Number of protein chains: 2
Amino acid sequence: MAAKKKGSNNAGSSLLTRVINSSVAAKAGVPQGYPLRRFDPTKPSLDGLLVLGGAGRFSQEIRQALQADYEIAGPEFQLASETKRAALVFDATALRSLEDLCELYTFIHPQLRHLQPSARVVVIGAEPGELDGEARIVARALEGFTRSLAKEMRKGGTVQLVYVAQGVETLAPLESTLRFLLSGKSAFVDGQIIRVGTQDATPAENWHAPLEGRLALVTGAARGIGATIAEVLARDGAQVICVDVPGASEHLSATANKVKGTALPLDVTAEDAAQQIAEHAQSRYGRSIDVLVHNAGITRDKLLVNMSEQQWDQVLAVNLMAPVRITQSLLDSGDLAEGAAVIGVSSMAGISGNRGQTNYATTKAGIIGLVDALRGPLAAQGSTINAVAPGFIETAMTDAMPTGPREIGKRMNSLQQGGKPVDVAETVAFFAQRASSAVSGNVVRVCGQNIMGA
Amino acid sequence: MAAKKKGSNNAGSSLLTRVINSSVAAKAGVPQGYPLRRFDPTKPSLDGLLVLGGAGRFSQEIRQALQADYEIAGPEFQLASETKRAALVFDATALRSLEDLCELYTFIHPQLRHLQPSARVVVIGAEPGELDGEARIVARALEGFTRSLAKEMRKGGTVQLVYVAQGVETLAPLESTLRFLLSGKSAFVDGQIIRVGTQDATPAENWHAPLEGRLALVTGAARGIGATIAEVLARDGAQVICVDVPGASEHLSATANKVKGTALPLDVTAEDAAQQIAEHAQSRYGRSIDVLVHNAGITRDKLLVNMSEQQWDQVLAVNLMAPVRITQSLLDSGDLAEGAAVIGVSSMAGISGNRGQTNYATTKAGIIGLVDALRGPLAAQGSTINAVAPGFIETAMTDAMPTGPREIGKRMNSLQQGGKPVDVAETVAFFAQRASSAVSGNVVRVCGQNIMGA
């Protein structure tokens, strides 16, 4: 039967009501969202049962590859069992007809009552862009499912969708993504899509130090998110060159010392910035860059009607021209290693736009353009490019915001809390791995599934 | 200089604060957003000056083609003039380097003080997916700019981005889009992107009756948005077949009579639905369908954990399987005319996901998949497929919502008000035109730039 009601009409109002109620609660001293499970080297990556469903081409191999590190149950697992599930992985790559979509419901619905806190649901689908007819529709429909389910999860649980290219027949290109999403490293990544392509990939020799042997460079590393990125890359085994403006040298040295790396005071907008980077890498490490993280960024917020040309130009120069030109120069001069990972920092504002940030959002949408533009050229040398798009991340700057807007801003996402700098850094570190060499061209929001979007 | 601040951290909180303040105001009886300029056949399409900027390949022809109907000023126009501008059109297709982006600022910034209410800003860019290097980055960056500026507009003003494929050298493929966006027909379309391809297109002979000679079919036409779609298609000159479930026959006949069309009571999920449609079109009009609007849809909202298999199946059957199969059958049997326009109704929930709507959002994301899947096959016969994605549209159903959630839901967009069924219908009618034959593969939100997204 075909009725006339449009359910879309109430979309979002219930979410917003929750945000407002939660913000009112916050002012009354009620704590924010459920404490998230974050990475802890002393604990297992997933502390509990992983239930695997779906008859796609990866399900057998997922079980084999992961069973050393995870406790896995397959379709034979008793649905009636009260055992708490830490994760559900559904391999939807075999779904082809619209009727098949029911398998999503059949597998996931009965498990939902048994999820433990910070549970993970990961759906693996076939890349829609490579399919025709109903199979394409089915694959595309998964996105509506996972994004909705992410909004229904409780106690820090998250839901993600991984789209895998047609040529991928083994788990290797997919394994780093799966491990990242199951772990506490993806705590504040929610309702996202990660695309995995056909580039060769080798699983990490040591998943506890997946960046061993990599030379990384992080701009804007003196403080805040940049400093945390440097720390997490070093924790994962990388050597780290820390870059920031000459005026921030003291903090920059502190970061460099903390991560046992080197400090390179540098204005990223300088004509010879790329050359200085290449020379530093050669003189201090005798090699080229493996991981290039463009974290430096500034804001000059004004309504466009009140914005000066200088405010426009400064933001364009630092946030977009510098990353574009440094990357292109290092690529042209051969100072970006084969198998390198370039990582941009976009922003929610670059996706949805933001009032008062025409300049900033132009650059952050431009970073997405950089990912699109360089994906092909970099793939030719086995390298990748991706971006993170942070949502509300708690920093010294947000701590200084007035209470009302801060508490609202924090809670307008499915996890009803702000993210931490480490959440951005973990996503950067995931992109930085050699094991992620089939992960390129992605823009992953680190935003707890913030309601803002386009 | 490279500082460390991330402007993204405050993204959205200010918007949300505005929404909440506005909702509080609403409860105190303060009226909602500025009254929008909607289509009125007795008034000019654009009541005021259109200022044209940018040195792209369309700027000359836009002036020539539109000057009969619009008052147009070019770059020679005195910026200092206090004359109110009704619209700004910036042809950005010539922007190639990152430095060129400054032209956006230079043209638009000084005009903003002089906009009249319900002003239109339209930026025309080159399709990023067809470009390489900096040109691609520049084109992609436009999106951050237009989406941000849309959030800064006052008094019903909107901002849109039109991406044009490389092969398009004349205005003809673009003209219906430009006219739609400048007119009051796009009142509740804001912050959107419309992509124009290289299909041949002929401007309408009569822009006041652009659907003359077209046979349209609308499902779910008995009431609500579907009935309004039937009315607007008829207003624009189409003959309309109105479809709804047999139980709604009385209302269906009323719609059919109102639009001087025919009523076809039909369960869209019936095995022979496509056949019944084809037979009706042949027996009553002696021809095949030109405009196929899949508006029928149902909701069965439940958290997935509480959803019955029947609730899953019903929504999938009506909202997704029916449109997919009816379209495919009519295409296979030759009962979809050459040069036809297929139009799906997706939803904001299909883009962002929605709590309590895993079933509904799966189908509405699936409609986007249908657009992607059939774009190629339909292009082969000169036909198009697009979808509208409504946001908060004021209907009998939303009128029945409790005041709080309704008033919040209405205002969480840049225009700070709910849309009307006619806004959805106008966008459908734009897709339905033969003059829009280069517009295919689009999903256009009719949501006032609702803050919800992905």
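Two residues are in contact when heavy atoms lie within 4.5 Å. The model is predicted, so local features need pLDDT of at least 70 and side-chain atom pairs count only at pLDDT 80 or more, while totals for chains, interfaces and linings use all residues. Residues are numbered from 1 along each chain as its sequence is written, chains are lettered from A and ligands numbered from 1 in the order in which they are written, and side-chain values use heavy atoms, with hydrogens and water left out.

By that contact rule, B:Ala234 touches B:Val240 and B:Val259, once neighbours within four places in sequence are set aside. B:Ala234 belongs to helix H6 (residues 224-235) of chain B. Helices here are DSSP runs of H or I with at least four residues, strands are runs of E with at least two, and both are numbered from the N terminus. Between B:Ala234 and B:Thr262 there are 28 residues in sequence and 12 Å in space, C-alpha to C-alpha.

In chain A, A:Lys258 and A:Ala230 are likewise listed as a pair: 28 residues apart in sequence, with a C-alpha to C-alpha distance of 9.2 Å. A:Lys258 sits in helix H7 (residues 249-258) of chain A. With 59% relative accessibility, A:Lys258 is classed as exposed. The classes are set with a 1.4 Å probe on protein chains only: buried is under 20% relative accessible area, exposed is over 50%, and partly exposed is in between.

Helix packing comes next. Helix H6 (residues 224-235) of chain A and helix H14 (residues 421-432) of chain A have axes that come within 8 Å and cross at roughly 50 degrees. This angle makes H6(A) oblique to H14(A). Each axis is a line fitted to C-alpha atoms, for helices over the stretch in contact, and angles between N-to-C directions run from 0 to 180 degrees. Angles under 35 degrees count as roughly parallel, over 145 as roughly antiparallel, 65 to 115 as roughly perpendicular, and the rest as oblique. The crossing of H6(A) and H14(A) is right-handed. A crossing has this hand if the near helix is turned clockwise from the far one by less than a right angle, and is left-handed if anticlockwise. On the H6(A) side the contact includes A:Ile225, A:Ile229 and A:Val232, and on the H14(A) side it includes A:Val424, A:Val428 and A:Ala432. By class, the residues of the contact of H6(A) with H14(A) are 11 nonpolar, 1 polar and 2 charged. Ala, Val, Leu, Ile, Met, Phe, Trp, Tyr, Cys and Pro count as nonpolar, Asp, Glu, Lys and Arg as charged, and the others, Gly among them, as polar.

In chain B, the axes of helix H8 (residues 273-285) and helix H9 (residues 309-333) come within 8 Å and cross at roughly 50 degrees. H8(B) and H9(B) are therefore oblique to each other, and their crossing is right-handed. H8(B) contributes B:Ala273, B:Ala274, B:Ile277 and B:Ala278, which meet B:Ile326, B:Ser329 and B:Leu330 of H9(B). This contact of H8(B) with H9(B) has 6 nonpolar, 1 polar and no charged residues.

A further pair joins the two chains. Helix H9 (residues 309-332) of chain A and helix H4 (residues 133-150) of chain B have axes that come within 13 Å and cross at roughly 140 degrees. A:Trp312, A:Leu320, A:Val324 and A:Arg325 of H9(A) meet B:Glu134, B:Ile137 and B:Phe145 of H4(B). The contact of H9(A) with H4(B) divides into 5 nonpolar, no polar and 2 charged residues.

Some loop residues of chain A remain. Most residues other than glycine have a negative phi. A:Lys155 is not a glycine, yet its phi is positive, about 50 degrees. A:Lys155 lies in the loop between helix H4 (133-150) and strand E5 (158-164) of chain A, and is partly exposed at a relative accessible area of 42%. A:Gln416 also has a positive phi of about 50 degrees without being a glycine, and its loop runs between helix H13 (403-411) and H14 of chain A. A:Ser347, in the loop between strand E11 (336-345) and helix H10 (348-352) of chain A, is buried at 0% relative accessibility.
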